Amino acid sequence: MKRYSIITAAAVLLTLTITSNSVFATTMENIRLNQLGYYPGSRKVAVVVNESGKAAPSGFIVVSLPDNKTAFSGKLSGPIEWKESGETGWRADFSGLKAPGRYKLVLLGHVPHKSESYPFVISDSVFKEVAAASMRTFYFQRCSAPLLQKFAGKWARAAGHPDNAVIFHPSSGRWEGEGPVSSPGGWYDAGDFGKYVVNSGITVGTLMAFYELFPEYFPDKSLNIPESGNGRPDILDEVKVNLDWMRTMQDKDGGVFHKLTTLTFPGYIMPAEDKGQRFIIGKGTTAALNFAASMAMAGRVYMPFDSTFAKSCIDGAASAWEWAVKNPNVPFRNPEDVRTGEYRDVEFGDEFVWAAAELFITTGDKKYSEFLKDKDITYNKGEPSWQNVHGLAALSLSTVKNKLDAKLLDAVRKSVVAAADKWLGEMDKNLYRIPNTNFIWGSNSNFANMGIGMIYAYQITNDRKYLAGASEIADYLLGKNAVGMSFMSAFGTKAMANPHHRQIVAQKAGVIPGFLAGGPNKGHQDSVHEVTYRSALPAKSYEDVYKSYASNEVAINWNAPSTFLFAALDALMPKK
Ligand code: G3I
Ligand code: 9MR
């Protein structure tokens, strides 16, 4: 007995020694690839990291499943160091493998059970489901409406926040003598239940821009929402939910209120349990201009379906514009008694350019082109975000028919392509083949927006290298990243599962699929609220825990670009 255990102990020790001394100890988690998979024509690159950074694996094979037959073999390239993640890694390029099927990647020369990747597929519709799920998350964000079992499955819930008796906060400028007003509907912004005009602007703008490029992609009956079957594309039905709410936020003088929220954030409760008084808060230049830009887009997009609605969107856009011209510098700050999302932005130039561009495209009115005359309208101020909408003007101008001077339009198109070229150049030098970014709050949406820029560069040039770039950004979101996780909930073997989202936390029915996590954020702003980050490195500053609002919240302005990216790639990727 004694002798036996000594032998066992020795064997364990031997095994441990072998493992720890093995040249390249790796785990599934150290092979980072798109956990969903690839189109036959995608560039296919996996990243293999070894935190000790000592030695490279000798090579790799890709085997088909379930028969484990070798379908591809190759060598790794590297090592490449990346300071954002503190990693040294190698790249395994298997772009040559194009046959549809199910596969895994196996590193050669290692302990077998530790050297295999997650399974993935090669298929000509690999992003179809994630694109639809991403778009369907907007249904789950609907305010003042019940989610019905037929559409929401196990995430069905009662209506929350009727918003039919909202009170004007003094900061709205409409207080004295005013009774409660009605401002129902729309989408909850994120994991909270607030509704914010500024963030709504880029969100509906991105989705309508997608529709303008791909009008056939989310047709009627494609999303299983209550309006499916009404004869209008489902994507427009869903977007109209938020447009209708935004329209209630316009003041009589054309100005637009900033947000509709409680004074502070509620706890982790279901929408219907949140009975806190809601207020219309603030009024300012960014709200007016985001409203003007997106209503101008709605004016042209909805015209063929509902001209009365479309015309009144255009009127609303025009009066919001006039208000902003008269009030060009009214920033929003949270009043002292308000703690909800601020969406503070003190730079108005980008909003002016976006709004003027959309109004000009829709109306052709010279006053908008006159305004734009001495402005920079090129795509040279970085990828769009809620705070920086400058590039949205160039994206629309370069692809939607308009009367701007041909030379100017040419310069705008070239600037989109130049930005895409810059990002491609950065990708070549970077371990995960992603453009350089600052890992700030919502960083995943910055990547997705760069992917959108590349989609536009492809539309403009027809050069497939831009499509390849966009598709590698999709790979990043789906697992080829420094935390080895898919940031799209429920898509991928190791996928985001615990978002900062009040309904998901309170309902305990598991994660709703298709949400994009905010992603790595070196700011760690939530560490003051019981979130512990395992790494301080920017690209690894991500925790899949529900308390992490700074890295793991979800938001409408992040799901809009993820929808755009996956759906556009599904529409455009070569199928062979
Ligand atoms: O822009 C600067 C950048 O120049 C600088 O390098 C960097 C350094 O940390 O900071 C950047 O600013 C950050 C900004 O986001 C960038 O957009 C701020 O630090 C950061 O605090 C700020 O976070 C915002 C967050 O609200 C807190 O205000 C997010 O953008 C914004 O998406 C988020 O939005 C919230 C709403 O308020 C409420 N609803 C949920 C929603 C999503 O989390
Ligand atoms: O849930 C809130 C989230 O939507 C915001 O993005 C975030 C930053 O404004 O704040 C979250 O709410 C937290 C609050 O700021 C501080 N107390 C803990 C809250 C999370 O429950």
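Here is a walk through the pockets and the cysteines of this predicted model.

Let's start with the open space. The largest pocket holds about 1,100 Å³. Its lining takes in 43 residues, and if you want to find the middle, look for Tyr 343, Trp 441, Tyr 549, Glu 553 and Trp 558, which sit closest to the centre. As for secondary structure, helix 12 (443–461) and helix 16 (556–572) are the elements that give two or more residues to this lining. Helix 12 supplies the largest share, with 3 residues.

Now move on to the second largest pocket, which has about 290 Å³ of space. Here 14 residues make up the lining, and those nearest the centre are Ala 482, Val 483, Lys 494, Arg 534 and Lys 540. The breakdown for this pocket is 7 charged, 4 nonpolar and 3 polar residues.

On to the cysteines. How many disulfides turn up in a search of the whole structure? The count is 0. Take Cys 143: the closest cysteine sulfur belongs to Cys 313 and is 19 Å away, so the two are too far apart for a bond. A pair would have to come within 2.5 Å to count as a disulfide. Seen from the other end, Cys 313 is in no disulfide either, with the sulfur of Cys 143 as its nearest cysteine sulfur. Both side chains are tucked away from the surface by the numbers: Cys 143 is buried at a relative accessible area of 3%, and Cys 313 is buried at 1%.

Terms used:
Residues are numbered from 1 along each chain as its sequence is written. Chains are lettered from A and ligands numbered from 1 in the order in which they are written. This is a predicted model: local features need pLDDT of at least 70, side-chain atom pairs count only at pLDDT 80 or more; totals for chains, interfaces and linings use all residues. Side-chain values use heavy atoms; hydrogens and water are left out. Buried means under 20% relative accessible area, exposed over 50%, partly exposed in between (1.4 Å probe, protein chains only). On a 1 Å grid over the protein atoms alone, a cavity is a set of points where a 1.4 Å probe fits but cannot get out, and a pocket is an open set with protein on both sides within 12 Å along at least five of seven lines; lining residues have an atom within 4 Å of a point. Grid points are joined across faces, edges and corners, and a volume is the space filled by probe spheres set on the points. Helices (H or I, at least four residues) and strands (E, at least two) are DSSP runs, numbered from the N terminus. Ala, Val, Leu, Ile, Met, Phe, Trp, Tyr, Cys and Pro count as nonpolar, Asp, Glu, Lys and Arg as charged, and the others, Gly among them, as polar.
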